[in-house]
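Here is a short briefing on backbone geometry and nonpolar packing. Look over the sequence and the model before reading on.

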Amino acid sequence: MNSDPPLLRIGGLQTRFFTDDGVVRAVDGVSFEIRRGQVIGVVGESGCGKSVLARSILRIVPPPGRITGGEILFWGDTGEGEPGDPIDLCHLEPNGVQMRSVRGKQIAMIFQEPMTSMSPVHTVGNQLIEMIQLHEAVPKSAARDRAVEMLRMVGIPSPEQRMDEYPFRLSGGMLQRCMIAMALACRPKLLIADEPTTALDVTTQAQILELITRLQDDMGMAMILITHNLGVVAQMAEEIMVMYMGKVVEHAPARSLFQSPAHPYTQELLKAVPRLQREPMQGRLQTIKGSIPPPYTAVPGCRFHPRCPKFVFGNCDRLEPEMVSVGAGHWSRCLLHDRRGLPGEVGVRVNGS
């Protein structure tokens with residue numbers, strides 16, 4: 001049994017946005033841990049809290065949002081290749097010296113949209129050099145040499161020339177590669193990839209994902225992969241977390257989740273995945289009925305119950321389920337598994353019946 005501490009452990013994390021329309025519980029009691037070299041996938045519909053979770057780890061949640069509870073324990077390196085004492089990132093000032101030494105150096109992030117994530121008035125090279133010099137005491141010439149090497153590593157042709165290009169002169173695929181080079185320039189221990197192939201064509205998507213997988217393996221990084229694409233996490237992730245309205249509703253090894261999904265939301269997500277074996281005249285692709293409620297809405301009971309095909313009247317709309325074990329390393333937040341539900345005593349009504 002491995003006695004080494006994890007790289008990151010999140011416990012009961014709560015991130016909320018205080019708006020005029022109400023309080024948005026963007027991340028509501030999320031708990032998980034990731035080991036060194038491990039890849040965890042985070043999936044769910046838009047608005048379920050995936051990106052806010054990533055930004056909470058890096059302490060870059062924009063106002064009026066803020067972390068209101070929980071802990072983010074990070075075991076950084078001591079500089080000698082050994083894990084040091086854990087740091088609770090929730091207790092650090094977002095723009096303080098200690099948090100800035102972690103952000104980018106030990107925990108890096110690939111943002112969703114490279115066209116808007118990189119400065120349009122600075123060259124790619126200047127942004128890479130600034131990133132390197134911010135975290136390491138090296139002269140500008142050495143930083144430039146490393147930046148060129150990073151661009152070459154991620155497959156940018158003629159990297160010496162591309163260093164002097166502005167972002168708007170590069171294609172989406174090349175700009176995404178530059179974002180990856182910037183994120184990996186200081187060889188972080190944890191990479192957060194937030195929709196790293198957004199707005200890219202299918203061929204470029206495959207190239208970028210292959211590149212990330214190769215670099216993650218070569219550098220021994222842990223990675224949190226945030227995506228809508230279940231096919232991507234099936235290929236890359238060891239474990240998968242499914243989020244809905246700020247909560248993790250299912251957490252399982254990838255094989256277990258795809259072979260025997262336990263939560264109705266996960267089951268509906270998998271049914272909506274297009275398949276090559278599908279008959280051309282079989283009709284429209286299956287979708288999840290309804291839509292996510294407004295984010296500031298307090299849904300009683302299970303948050304998925306207004307859309308759930310297995311909704312039990314008097315239970316799902318009254319009791320909030322807990323995460324319970326449904327197998328080896330497989331957890332689900334559903335009253336079908338949480339034995340507090342007593343459908344026989346209350347009566348069952350299935351949505352649409």
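Predicted model: local features only at pLDDT ≥ 70, side-chain atom pairs only at ≥ 80, totals over all residues.

Residues are numbered from 1 along each chain as its sequence is written, and side-chain values use heavy atoms, with hydrogens and water left out.

**Backbone**

- Most residues other than glycine have a negative phi, and most peptide bonds are trans.
- The Pro63 to Pro64 peptide bond is cis, with omega near 10 degrees.
- Pro64 sits in the loop between α1 (50–58) and β4 (65–74); helices (H or I, at least four residues) and strands (E, at least two) are DSSP runs, numbered from the N terminus.
- Ser158 is not a glycine, yet has a positive phi of about 50 degrees.
- Ser158 lies in the loop between α5 (140–153) and α6 (159–162).
- Arg187, also not a glycine, has a positive phi of about 50 degrees.
- The loop holding Arg187 runs between α7 (172–184) and β7 (190–194).

**Nonpolar cores**

- A nonpolar core is a set of buried (under 20% relative accessible area, 1.4 Å probe, protein chains only) Ala, Val, Leu, Ile, Met, Phe, Trp, Tyr and Cys residues joined through side-chain atoms within 4.5 Å.
- The largest core has 67 residues, and Ile180 and Leu191 touch the most other members.
- Helix α7 supplies the largest share of this core, 9 residues.
- A second, separate core of 37 residues includes Ile10, Cys48, Leu89 and Leu190.

Definitions and conventions: Buried < 20%, exposed > 50% of the residue type's maximum accessible area, 1.4 Å probe, protein only.
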